[in-house]
Amino acid sequence: MASVLSQAPVGTLTPGALSPERAVPDHIERPNYVGLAEPPKYTGPDAFDATTVARIRRAGQLAADAMVATGELIRPGVTTDELDAFAHDYLVRHGAYPSCLLYRGFPKSICTSVNEVICHGIPDSTVLNSGDIVNLDITAFLDGAHGDHNVTFLVGDVDQESQLLVERTKEAMMRGIRAVKPGRPINVIGRAIESYARRFKYGVVQEFIGHGVGPAFHTGLVIPHYDAAPEYSQPMEPGMVFTIEPMLTLGTRHWDMWEDGWTAVTRDRKRTAQFEHTIVVTQDGSEILTLPSAG
Ligand code: MF3
Ligand code: CO
Ligand code: CO
């Protein structure tokens with residue numbers, strides 16, 4: 001059904017209540033940062049052999065399957081904590097550790113970012129209402145590798161301005177992905193994203209970035225989503241694995257942090273959307289590693 005509203009509301013979100021910490025069965029391998037205030041420094045390579053890429057692909061495919069299944073629960077009345085509970089059980093049932101859980105102390109298994117939340121929203125008692133938009137960011141750690149994926153969903157009947165923002169943010173991510181080719185500088189990715197976003201006068205958030213991913217959740221390789229030239233001119237190489245995860249806004253690109261130290265909201269409380277894939281650089285372009293298994 002077509003939306004009756006054309007304009008997006010300005011947000012008034014406040015934190016909800018957290019549920020108790022979820023358990024992960026003993027037989028599931030934990031990433032090395034669990035129990036530490038911050039992850040041990042990653043000193044490995046940015047480009048991986050085919051065996052390592054295959055492990056990242058399996059983790060990424062599981063994250064994408066969890067995304068499809070969890071996304072099916074999104075409807076008016078569901079809480080973000082219920083989405084976290086389902087995604088947690090899905091990953092654990094398939095032998096994976098939910099990478100967000102206890103990463104730098106993050107208290108839940110996925111990120112749920114509603115309306116004006118740019119990223120890293122913490123699942124809690126917040127109830128989703130018709131007209132909201134919500135991003136789920138799901139990362140799976142399986143067989144020593146992380147696959148990182150996020151999608152913004154519509155809840156019930158959403159105004160046209162928000163629908164367009166969500167659609168165009170996905171397209172911005174895809175344009176960033178299509179800019180990937182070995183030999184090109186990393187900064188072509190952000191240039192493709194920013195020049196598309198500018199057509200619609202959307203803000204492009206700069207401080208949260210794409211990142212190398214694989215044996216570590218964040219390897220240290222930085223992928224800006226804006227035109228950072230002449231910085232970030234390092235050439236892309238076959239076997240490099242990283243995320244592309246632009247955050248676009250209806251107003252300002254600047255943000256405030258909630259007191260929880262995680263939830264980043266637009267400074268003007270206008271809406272924002274994000275999409276994320278983990279990709280590998282191939283001989284002639286790229287392959288997306290966070291696609292759901294067929295069927
Ligand atoms: N998955 C997020 C990313 O895209 C990172 C979340 S970190 C967490 O990089 F601690 F908030 F979970
Ligand atoms: Co990421
Ligand atoms: Co992510």
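How many bridges join E6 to strand E10, and in which direction do the two run? I found two bridges between E6 and strand E10 (residues 247-249), with the strands antiparallel. Helices (H or I, at least four residues) and strands (E, at least two) are DSSP runs numbered from the N terminus.

**Conventions.** I am working on a predicted model, where local features need pLDDT of at least 70, side-chain atom pairs count only at pLDDT 80 or more, and totals for chains, interfaces and linings use all residues. Residues are numbered from 1 along each chain as its sequence is written, chains are lettered from A and ligands numbered from 1 in the order written, and side-chain values use heavy atoms, without hydrogens and water.

**Sheet.** I looked up the strand order and got E6-E10-E13, an open sheet of three strands with antiparallel pairing. E6 (203-204) and E13 are the edge strands, each with a single partner strand, so one side of each has no neighbour in the sheet. Two strands count as paired if DSSP finds at least two bridges between them. Opposite Leu248 in E10 I noted Val204.

**Cobalt ion (ligand 2).** I listed its protein donors as Asp148 (OD), His211 (NE2), Glu245 (OE) and Glu276 (OE), at 2.0 to 2.2 Å. Donors are N, O and S atoms within 2.8 Å of the metal (3.2 Å for Na, K and Ca); water is not among the atoms, so sites may look incomplete. The donor residues are spaced D-x62-H-x33-E-x30-E in sequence. Asp148 in strand E5 and Glu245 in the loop between strand E9 (241-244) and E10 are 97 residues apart, a pair that links distant parts of the chain.

I then checked the geometry. The six donor atoms around the cobalt ion (ligand 2) subtend angles of 52 to 161°, which makes the arrangement irregular. Irregular is what remains when four donors are neither tetrahedral (all angles between 85 and 135 degrees) nor square planar, and six are not octahedral; the last two need opposite donors over 155 degrees apart and all others between 65 and 115.

**Cobalt ion (ligand 3).** I read off protein donors Asp137 (OD), Asp137 (OD), Asp148 (OD) and Glu276 (OE), at 2.1 to 2.4 Å. The six donor atoms here subtend 58 to 171°, so this arrangement is irregular.

Asp148 coordinates both cobalt ions, ligand 2 and ligand 3, which are 3.2 Å apart. Asp148 is buried at 3% relative accessible area, and Glu245 is buried at 7%. Buried means under 20%, exposed over 50%, partly exposed in between (1.4 Å probe, protein chains only). I also noted Glu276 as buried.
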